[in-house]
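I opened this notebook page to record what I looked up in one structure.

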Amino acid sequence: MIQHVLSSEVNGFDWYDITHPSSGDFDELTKRYNLHESSVRNCLEVGHLPKIEVYPDYEFLILRSIAEKYPEHSDILVELTDRISIFYSDKFIITVHRAQIEWLDKIKQAPVDNTKLKGTKNVINLLVSQALKTFEHEVIHTFSDKIDQYEEFVFLHSRRKPFMKKLYYLKRQIDLIRIILTLYQDLVEYFHIPERVSTYHRNLHDLYKRTDSLYRNLAENTSQLLAMYFNIESNHTNEIMRTLTIISVFFMPLTFIVGVYGMNFESMPELDWKYGYPGILLFMLLVSMAIYIWFKKKRWL
């Protein structure tokens with residue numbers, strides 16, 4: 001579906017928005033604006049991370065923004081983010097996307113005399129800024145709250161394994177977003193060329209730096225939380241092995257004594273001794289007490 005958002009008669013340029021695109025939607029626009037076949041093909045394909053390509057008659061961008069709803073246990077690019085492809089020059093803007101994107105709809109519904117819609121570069125700057133803001137607002141708070149909850153699980157709960165799957169997908173989601181933000185740097189730096197920097201461009205640059213720093217901090221916290229979890233699990237395993245080792249040390253000499261007297265040789269006088277049975281039990285008790293005292297002196301108990 002093609003929507004003519006802004007017209008050149010009012011704003012000095014045309015803005016066409018295409019939802020659920022097909023190859024037929026580009027037939028007329030390709031001829032009118034001399035769109036290159038490869039950029040149109042990239043626009044129709046799924047996947048593709050943020051990038052910018054410069055053609056003789058226009059520039060082609062791919063943006064990614066956080067989807068309004070995505071599965072908690074998902075680290076797939078097309079589920080976690082929405083994609084917008086943009087063709088633009090001084091005379092036109094063409095935005096292409098498959099899903100309905102709330103923040104894009106708000107921009108399209110803005111009054112035509114809005115100063116942010118004066119000129120294609122202002123509109124592109126606004127689109128990139130709004131796409132970046134989706135990574136910063138609710139998502140940052142959601143991820144931070146989850147990390148706080150998982151830290152509580154790690155340190156305070158004895159049954160920690162069920163949360164590992166959630167923590168794994170959280171780490172994967174943050175890593176995927178960091179990849180997207182890394183590729184956004186080329187887009188931001190392209191608009192931040194000194195000779196054409198405006199207030200909007202500086203705000204976009206600051207927004208990118210702030211968002212990138214926040215996600216870098218989240219990624220470090222998640223990695224540290226995983227490391228702490230494995231250290232705690234390792235210590236717990238060591239404690240179990242230590243307990244089992246102590247128990248085995250107590251029973252090794254007792255087992256040896258029982259094994260010796262279980263051979264029943266005729267030349268063993270203790271077998272015919274009246275107090276042989278209680279004597280062996282007493283000896284085994286003394287051995288156990290000696291091991292206990294030794295462990296206490298070594299502070300292993």
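**Basis of the entries.** I worked from a predicted model, in which local features need pLDDT of at least 70 and side-chain atom pairs count only at pLDDT 80 or more, while totals for chains, interfaces and linings use all residues. Residues are numbered from 1 along each chain as its sequence is written, and side-chain values use heavy atoms, with hydrogens and water left out.

**Entry 1, nonpolar cores.** I looked up the nonpolar cores, each a set of buried Ala, Val, Leu, Ile, Met, Phe, Trp, Tyr and Cys residues joined through side-chain atoms within 4.5 Å. Here buried means under 20% relative accessible area, exposed over 50%, and partly exposed in between (1.4 Å probe, protein chains only). The largest core holds 55 residues, and L63, Y184 and Y215 have the most contacts inside it. Helix 8 (residues 164-191) contributes the most to this core, namely 13 residues. Helices are DSSP runs of H or I with at least four residues, numbered from the N terminus. I also noted a second, separate core of 16 residues, which includes Y16, F26, L35 and F92.

I then listed the contacts of L63, a contact being heavy atoms within 4.5 Å. With neighbours within four places in sequence set aside, L63 touches D82, R83, I84, I86, L127, V128, A131, Y184 and L187.

Side chains of opposite charge can pair when their charged atoms come close. I counted a salt bridge where a side-chain nitrogen of Lys or Arg lies within 4 Å of a carboxyl oxygen of Asp or Glu. This rule gives 11 salt bridges.

- I found K51 paired with E53 at 2.9 Å, N to O; K51 is partly exposed, at 22% relative accessible area.
- I found D175 paired with K171, with 3.0 Å between the closest N and O atoms. The two are 4 residues apart in helix 8, so about one helical turn separates them. D175 is partly exposed at 28%, and K171 is partly exposed at 25%.
- I found K108 paired with D105, with 3.5 Å between the closest N and O atoms. They lie 3 residues apart in helix 5 (residues 102-108), and therefore about one helical turn separates them. K108 is buried at 14% relative accessible area, and D105 is buried at 18%.
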